[in-house]
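The sequence and structure come first.

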Amino acid sequence: MELGQLGTIDTLIFAVYIVSVIGFGVWIANREKTDTASDYFLASRSLPWWAVGGSLIASNISAEQIIGMNGSGFELGMAIATYELMAAITLILVAKFFLPVFLKKEIYTMPQFLEERYNGTVRTIMSVFWIALFVFVNIATVLYLGALAIETLLGVDLMYGIIGLVLYSASFSIFGGLKAVVWTDVVQVVVLMVGGTVAAYGILEVVGDGSVFAGIENLYNTLPDHFEMLFEPRDTYLDVANAHELSTGSTPDGDPTQLKPGDEMKSSFQLLPGMALLFGGMWIVNSYYWGNNQYIIQRALAAKDLPEAQRGVAFAAFMKLFIPFFAVLPGIAAWYLLRDQDPANLPITKADQAFPWVLANYVGVGFKGLTFAALVAAIGSSISSMVNSTSTIFTMDIYNKFINPTASQGAQVRVGQISAAVALLVGAAVAPALANAGQVFQVIQEYTGFISPGVLTVFVFGFFYRRGTAPAALVVVLSSVPLSWAFQQLMPDLPFLDRMAFIFLISAALMVIVSALTGKREKQRVAEQTLRDGYGEQEKRDLAGKLIKDVKLRNGLSIAVIGIGLATGIRLLLQPVPGVPVSMGIIFVVLSLVVIGLLYTDKSADDYKAIDLDPAMFRTRMGFNIAAVMIILILTFVYTFLA
């Protein structure tokens, strides 16, 4: 079957499935009440664990995972699966250390937490940041990749595909709120897991002459470079889009190419810098995404209670371990089948066409339509999740705070619906601009990385650094983007994951130093604390005996600095990156040690908005602990075997 064709049976299955999901979503939207902000934005805080876990995965697995990661698997190989595998551990850490704080505060949005911990200015700035990120990066890229899949398989023009996805997402998410999104997610995640497995099964059978396991073994033996999990500095990959352009002599727009021979070979290490996938910047990517990203964490905030939320997150962590089977292996198999062909005549002219090509050619009749329908529906679900979270932030953090602080519950719901529609339309207008991008998954990671180090610093230090002040948080969030841009320009050869680790170290240092300079005097702090909490200094001392000891909090922050900053510095010294001076590794090490020294020598008073952390908050049940140990053991086996 050629690209751009889907048989009659598959087209019918696709149409019936999409219509059924829309009908189900509309039914949920009309059946469930959305009279209050809690109903619309947090599903009345009533979600069971399996709905939390299923919705987390459905919101996460979308075009950038299925299409984008298979595209990266096509060119880079299994190393891209690190984003999924390391996310499993990150989910466990988020469930244990982040969720107890968020649920204790009963917050709706991430910016709301920032106001409760710091002040309204930090909340407002981050609200604007997140709305812009969701609309111009997340929603736009998912719309583009989804429309690309539709264009590849159905022959529908890219713009019409974008319009279709907008209408699909709008059909239930705008009016049904989070409940409609979550319950359709539960359906989507089951079908998508089945459909993705069918797609992987189909092409692996071809590679293995009828056996899936033989197919995996054949790929592993024939393409060892594609199963390398930790790249070396001089590892390269073939950029298929550039190779095609060089072979044909013209750009996708028909203009003469400006590329020169050799431009088709690019650095694998720049995208996935070796040990940084285990220590360093990868922890920033995953911790920010799973712990501070509104459209992800909102599902856990809507759980019945903390144990239910933690069970749901652990369930999602186990599902993450399976995702590379259908989100990376089909892309590697596509490279196996096409690697010897002339780039000018390849049916794939860019990496992100790999999975649609597999779906068109190696999935049987009937299953092709179901898999494609599940993919498109999952894309719609992710868009709906992003749109719902965008509207949540706009309504709760912008509209309620500045435009109409006395808005009724009904008015808040209506504003949420309007802002959701606007976010969809703006994202749709931006999406076509991504048509000339290569690996869109990597584009998302890099540009999200401009804000994630600063944001993660503000949250982590907000949890565990009692001396952190609002001015310090403000300096960190405002400096994150310009610092990231500056280091990208000054040191373009430094991999973006390493750049994120460096910005995290600078942000941590700024957090401690500025907090020390702007912290309030002890007498003023005590007076404000007494006014706020209703108890005096003696009561405060009595309470302190029941809280987590300050030295333990400092130890925890130091571990984060060691795992992200110091580990990156040592790696750069042992594994120099071409174009990056050895002195950069020394700077990493020195800066890490400086931050640790600042943490242990800081004697300033606690900020009056510091969070009182009771050790009981972080106790987890036996089932959760067993799940955490199993996940760690599985990942240890995978990396030991493939490394």
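## Residue S287

S287 lies in helix α12 (residues 281-291); helices are DSSP runs of H or I with at least four residues, numbered from the N terminus. This is a predicted model, in which local features need pLDDT of at least 70 and side-chain atom pairs count only at pLDDT 80 or more, while totals for chains, interfaces and linings use all residues. Residues are numbered from 1 along each chain as its sequence is written, and side-chain values use heavy atoms, with hydrogens and water left out.

S287 counts as buried because its relative accessibility is 14%; buried means under 20% relative accessible area, exposed over 50%, and partly exposed in between, with a 1.4 Å probe and protein chains only. The S287 side chain comes to 2.7 Å from the backbone oxygen of W283. Not counting residues up to four places away in sequence, S287 touches T90, F98, N292 and L456, where contact means heavy atoms within 4.5 Å.

## The second largest pocket

The volume of the second largest pocket is about 730 Å³. A pocket is an open set of points on a 1 Å grid over the protein atoms alone, where a 1.4 Å probe fits, with protein on both sides within 12 Å along at least five of seven lines; lining residues have an atom within 4 Å of a point. Volume here is the space filled by probe spheres set on the points, which are joined across faces, edges and corners.

Of the 23 lining residues, L93, F97, G556, I559 and A560 are the closest to the pocket centre. At least two lining residues come from each of α5 (82-105), α12, α21 (452-464) and α26 (550-574). With eight residues, α26 gives the largest share. The lining has 18 nonpolar, four polar and one charged residues; Ala, Val, Leu, Ile, Met, Phe, Trp, Tyr, Cys and Pro count as nonpolar, Asp, Glu, Lys and Arg as charged, and the others, Gly among them, as polar.

In α3, 10 of the 12 residues are buried, including A51, L56 and N60.

W50 is also placed in α3, but counts as partly exposed because its relative accessibility is 39%. Beyond its neighbours within four places in sequence, W50 is in contact with W183, V186 and F315.

Conventions:
Polar contact = N/O pair within 3.5 Å; in protein donor to acceptor, adjacent residues only side chain to side chain.
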